Amino acid sequence: MKTCLVVDDSRVIRKVARKILEELDFNCVEAADGSEALEACRKQMPDAVLLDWNMPVMNGLDFVKALRREEGGDKPVVVFCTTENDMAHITEALRAGADEYVMKPFDGDIIESKFQQTGLLRAS
Amino acid sequence: MIKTEDIQYVAAEAYKRSGLVLSTDKGYLLESRLAPLARAEGFPSIEGLIAAARRESADRLLWAITEALATHETFFFRDSTPFDLFKQEILPVLSRARGNSGTIRIWCAACSSGQEPYSLAMILDEERARLGNLRFEIIATDMAPRVLEKAKAGVYSQFEVQRGLPIQRLVQHFDQNGDQWRVKSNLRSMVTFQKQNLLDNFNGMGTFDVIFCRNVLIYFDADTKKRVLTRLAAQTATDGYLVMGAAETVVGLSQDYAPVEGRRGLYGRSGVAKSQAA
């Protein structure tokens, strides 16, 4: 079973995302900010990270930059999931090492579609 | 609840106009699709809309009803396999056959709001360097003016651009305007949209190297499927292709097309051996 680290400071969003991801057969780990997420990655690298942008302590962008410098940190597929829905943010995220980008609001279809494109899920 | 005789009337009229087979047990489908139209046309109810269509046997209303009943569901790179086949199989074979010159003509039959032709245009744009001096023409047709208008504009919601479209392609091929995303003008200029009912004659359409006709024939009865396939074949170049939906087949319906071995959903003209890309 693949593992997805869900990083969001909103407990509600984490819960919604977890429900969608568990239905897609992912094992979920949660983190409330970038620094907690980095801790979790150091313990065990997940296959995927679903990542909010704006969070206290360490934001999503700083997290992905830090993750990509970690040993084995190039492996996880990082999918942003944020209300920052403009081209400038998207290109900045991609430059920093993100693989995909979900603009909130999201639903199960969008997560599934994005996870298929990055090869995390086989196309149905 | 809509009366059975109303359902039958509407189903018969939609069938006559579009080939769409609507079984009479689909009352709920009728209700959900006609309610917005009834509202837009200023009728208090679906019954009112159908009564007006009956009373005046109003062609415009009946067309609007037919359009509302058709399924317009589509998204970018839907099912992905046909697009992989287009890039890895069809393009290399055709460009070899055409010797890197001339024009390759592509027809998206029943293109709905345009996601399929624009997906093909993205691939062509990305493959440009490998395609030499080949020229491409994408003709995209649908019977429904409302979806064609949207297709022509090339403007999609945030929700639509997140289904099937990888983020790199969104960045590369779209301009943002608030929460709307518009296909860039170089791609829009690659696609010609026009109104075409698959039941009407194809005069003036010309010959195509590739025809995409996906998830359309599933709504037709066997006779209509056969007729449409025969007429599509007449527009297909001898070494051309037909691409159908994952759940569709020509087997038992057409002598003119034969499956390309090992390539699901891909058909060539019968009696023409297909060279394969790899």
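Two strands are taken to pair if DSSP finds at least two bridges between them. Helices (H or I, at least four residues) and strands (E, at least two) are DSSP runs, numbered from the N terminus. The model is predicted: local features need pLDDT of at least 70, side-chain atom pairs count only at pLDDT 80 or more, and totals for chains, interfaces and linings use all residues. Residues are numbered from 1 along each chain as its sequence is written, and chains are lettered from A and ligands numbered from 1 in the order in which they are written.

In chain B, three strands form an open antiparallel sheet in the order 3-5-4. Strand 3 (155–157) and strand 4 (174–177) of chain B each have a single partner strand and stand at the edges, so one side of each lacks a neighbour in the sheet. From one strand to the next, the twist averages 30 degrees. Axes are lines fitted to C-alpha atoms, for helices over the stretch in contact; angles run from 0 to 180 degrees between N-to-C directions. Three bridges join strand 3 of chain B to strand 5 (residues 180–183) of chain B in the antiparallel sense. B:S157 has B:Q180 of strand 5 as its bridge partner.

A further open sheet of chain B has seven strands in the order 6-2-1-7-8-10-9, with mixed pairing. Its edges are strand 6 and strand 9 (257–259) of chain B; each has a single partner strand, so one side of each is left without a neighbour in the sheet. Neighbouring strands here are turned by 25 degrees against each other on average, direction ignored. Strand 8 (residues 236–243) and strand 10 (residues 266–269) of chain B pair in the antiparallel sense over three bridges. Within this pairing, B:Y241 is partnered by B:G268 of strand 10. Helix 7 (residues 145–153) of chain B packs on the sheet. Helix 7 touches strand 2 (135–142) and strand 6 of chain B, and its direction makes about 165 degrees with that of strand 6. Contact means that the C-beta atoms of two residues, placed from the backbone, lie within 7 Å. Helix 10 (residues 222–234) of chain B lies across strand 7 (208–212), strand 8, strand 9 and strand 10. Helix 10 runs at about 135 degrees to strand 8 of chain B.

B:Q194 is found in strand 6 (residues 191–195) of chain B. B:Q194 is partly exposed, with 13 other C-beta atoms within 10 Å. A residue is buried if 20 or more other C-beta atoms lie within 10 Å of its own, exposed if 12 or fewer, and partly exposed in between, with C-beta atoms placed from the backbone. Beyond its neighbours within four places in sequence, B:Q194 contacts B:I139 and B:T141.

Chain B is divided into domain 1 (4–69) and domain 2 (81–269), with bounds from an automatic or database domain assignment. Their C-alpha centres lie 29 Å apart. Five residues from domain 1 and 10 residues from domain 2 make the contact. Helix 1 (residues 4–18) and helix 4 (residues 59–69) of chain B have axes that come within 9 Å and cross at roughly 85 degrees. The two helices are therefore roughly perpendicular, a label given to angles of 65 to 115 degrees. Among the residues in contact are B:V10 and B:A14 of helix 1 and B:L62 and B:I65 of helix 4.

A nonpolar core is a set of buried Ala, Val, Leu, Ile, Met, Phe, Trp, Tyr and Cys residues joined through C-beta atoms within 7 Å. The largest has 78 residues; B:I65, B:I106, B:A109, B:I138, B:I211, B:C213 and B:L242 touch the most other members. Both domains of chain B give residues to this core, so it lies between them. A second, separate core of 37 residues includes A:A31, A:V49, A:L67 and A:F106.

In chain A, six of the six residues of strand 4 (residues 77–82) are buried. A:V77, A:V79 and A:C81 point one way, and A:V78, A:F80 and A:T82 the other. Strand 3 (residues 48–51) of chain A runs parallel to strand 4, joined by four bridges. A:L50 stands opposite A:V79.

Some backbone geometry stands out. Most residues other than glycine have a negative phi, and most peptide bonds are trans. The bond from A:K104 to A:P105 is cis, with omega near 0 degrees. B:S112, not a glycine, has a positive phi of about 50 degrees and is buried.

Technical notes:
Angles under 35 degrees count as roughly parallel, over 145 as roughly antiparallel, 65 to 115 as roughly perpendicular and the rest as oblique.
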